[in-house]
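Subject: Structure handover

Hi,

Here is the structure I promised to pass on to you. Could you load it first and keep it open while you read my notes below?

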Amino acid sequence: MFKSAARSFSTSPAAAYKVAVLGAGGGIGQPLSLLMKLNHKVTDLALYDLRGAPGVAADVSHVPTNSTVKGYEPEGLEEALTGSDVIVIPAGVPRKPGMTRDDLFNTNASIVRDLAKAAADYAPNAAVCIISNPVNSTVPIVAEVFKSKGVYNPKKLFGVTTLDVLRASRFVSEVAGTNPVDEHVTVVGGHSGITIVPLLSQTKHKNLSEETRDALIHRIQFGGDEVVQAKNGAGSATLSMAQAGARFAGAVLNGLAGEQDVVEPTFVDSPLFKDEGVDFFSSKVTLGVEGVKAIHSLGELSSHEEELVKKAKETLITNIKKGVDFVKQNP
Ligand code: NAI
């Protein structure tokens, strides 16, 4: 009610935004909720989890920014979602040492499917940002669920690959002795292992030795393992991921608010390689008032990057099919 009132008196589309975080009690969800509370575009923050969200909400609500915060347990999912402009989903289990993201599929596929069903029913127009792994498969799962309910809008579904972008900036700066704030690396493909392709040839570091380049690319692709190993069974990246998720959700909000030139790499329903059977692909995307405004092509690639993209596409086809098949077999 507050939201529609605020909107009707406003001349700007940026008047009021409701953001729902599903999985808000978790390792990512808690700091992500805090960072969303600090985003001044957010006027309504709905924090949902199977357990713990009311506590997180009470805590975060004391941060003095101009938004209401409410925590919800399972019976409140409909209310949490209703009226949401952006839904961010970090619900699900994280990796333990030795696991790949694909090993999470069996548990997380059904969690994401069920949350997608609720989102399709209660907030079919929201922009949905998927953090739960394996992103290469969970994004197609959400698409299939939305299609089955007749509300699929490919412009409003995003796999969050921003952490790969942050890691690329950080790791390249360590190699080059530069300030990571000044490093902007486009990362394309997907979000796991060899599907993560940083386009170093498009940065000022295109003349690295082959050995340094390969080590850097490997670190960007498998940087998540460093955190999984260091946490030693206690999970995967949560704090850096929260920062990445908040940056991406913030970019989506900036786009919805009509800001210009909002560009982030993200894993979307993409025309780039559809003719080769790759229905989802991450590349730079301009975000706008309708969600996806433009999907950028990859630009000029080195022959080495061409090879990496080729391998990424092969794995992506399998990962995407796995998500699609899961929903067909377990509707
Ligand atoms: P966590 O175990 O600390 O938190 C997950 C939360 O999800 C828990 O609070 C749990 O109660 C909740 N949850 C489980 N099922 C739910 C349901 N049906 N509805 C609502 N909430 C539910 O895990 P963490 O570390 O926060 O990771 C979450 C996910 O994010 C994992 O799948 C992980 O692999 C993924 N991730 C993704 C990254 C990316 O770059 N996209 C980076 C790091 C992690």
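What share of the contacts in the protein chain with a separation of 6 or more comes from residues 24 or more positions apart? The answer is 70%, where two residues are in contact if their C-beta atoms, placed from the backbone, lie within 7 Å.

Two notes on conventions before the rest. This is a predicted model, so local features need pLDDT of at least 70 and side-chain atom pairs count only at pLDDT 80 or more, while totals for chains, interfaces and linings use all residues. Residues are numbered from 1 along each chain as its sequence is written.

**Overall picture**

The protein chain has ten helices and eleven strands; these are DSSP runs numbered from the N terminus, with helices being H or I of at least four residues and strands being E of at least two. Along the principal axes, the C-alpha atoms fill a box of roughly 60 × 45 × 40 Å.

Of the 331 residues, 48% are buried. Here a residue is buried if 20 or more other C-beta atoms lie within 10 Å of its own, exposed if 12 or fewer, and partly exposed in between, with C-beta atoms placed from the backbone.

The unreviewed UniProt entry carries the annotation "domain: Lactate/malate dehydrogenase N-terminal" for residues 18–159. UniProt positions are given in the numbering used here, feature names are shortened, and annotations may be inferred rather than shown by experiment. Over residues 18–159 the chain is 38% helix and 20% strand, and 20 Å separates the end C-alpha atoms.

Helix α2 (residues 29–37) has Gly-29, Gln-30, Leu-32, Ser-33, Met-36 and Lys-37 as buried residues. Looking down the axis of α2, these buried residues fall within an arc of 165°, so they line one face of the helix; the arc is that of the directions from the helix axis to the C-beta atoms. Their cover includes the strands β1 (17–22), β2 (42–48), β3 (68–72) and β4 (86–89), along with the helices α3 (53–60) and α9 (239–256).

**Around the ligand**

There are 33 residues around the ligand, and Gly-23, Gly-26, Gly-27, Ile-28 and Asn-133 come nearest. A residue is near a molecule or strand if its C-beta atom, placed from the backbone, lies within 6 Å of it. By class, the shell has 16 nonpolar, 13 polar and four charged residues. Ala, Val, Leu, Ile, Met, Phe, Trp, Tyr, Cys and Pro count as nonpolar, Asp, Glu, Lys and Arg as charged, and the others, Gly among them, as polar. Helix α5 (residues 105–122) gives the largest share of the shell, four residues.

**Annotated binding-site residues**

Arg-95 sits in the loop between β4 and α5 and counts as buried, with 21 C-beta neighbours inside 10 Å. Leaving out residues up to four places away in sequence, Arg-95 touches Arg-101, Leu-104, Val-228 and Ser-236.

Arg-167 lies in helix α7 and is also buried, having 26 other C-beta atoms within 10 Å. Beyond its neighbours within four places in sequence, Arg-167 is in contact with Ile-220 and Gly-223.

Helix α7 (residues 162–176) also holds Val-165, which is buried with 24 other C-beta atoms within 10 Å. Not counting residues up to four places away in sequence, Val-165 touches Val-185, Val-187 and Pro-265.

**Backbone points to check by eye**

The peptide bond from Asn-133 to Pro-134 is cis, with omega near -5°. Pro-134 belongs to the loop between β5 (127–130) and α6 (135–148).

Asn-232 is not a glycine, yet it has a positive phi of about 50°. Asn-232 is in the loop between α8 (210–231) and α9, and counts as exposed with 9 C-beta neighbours inside 10 Å. Asp-261, not a glycine either, has a positive phi of about 55°. Asp-261 lies in the loop between α9 and β9 (262–269), and counts as exposed with 9 C-beta neighbours inside 10 Å.

Best wishes
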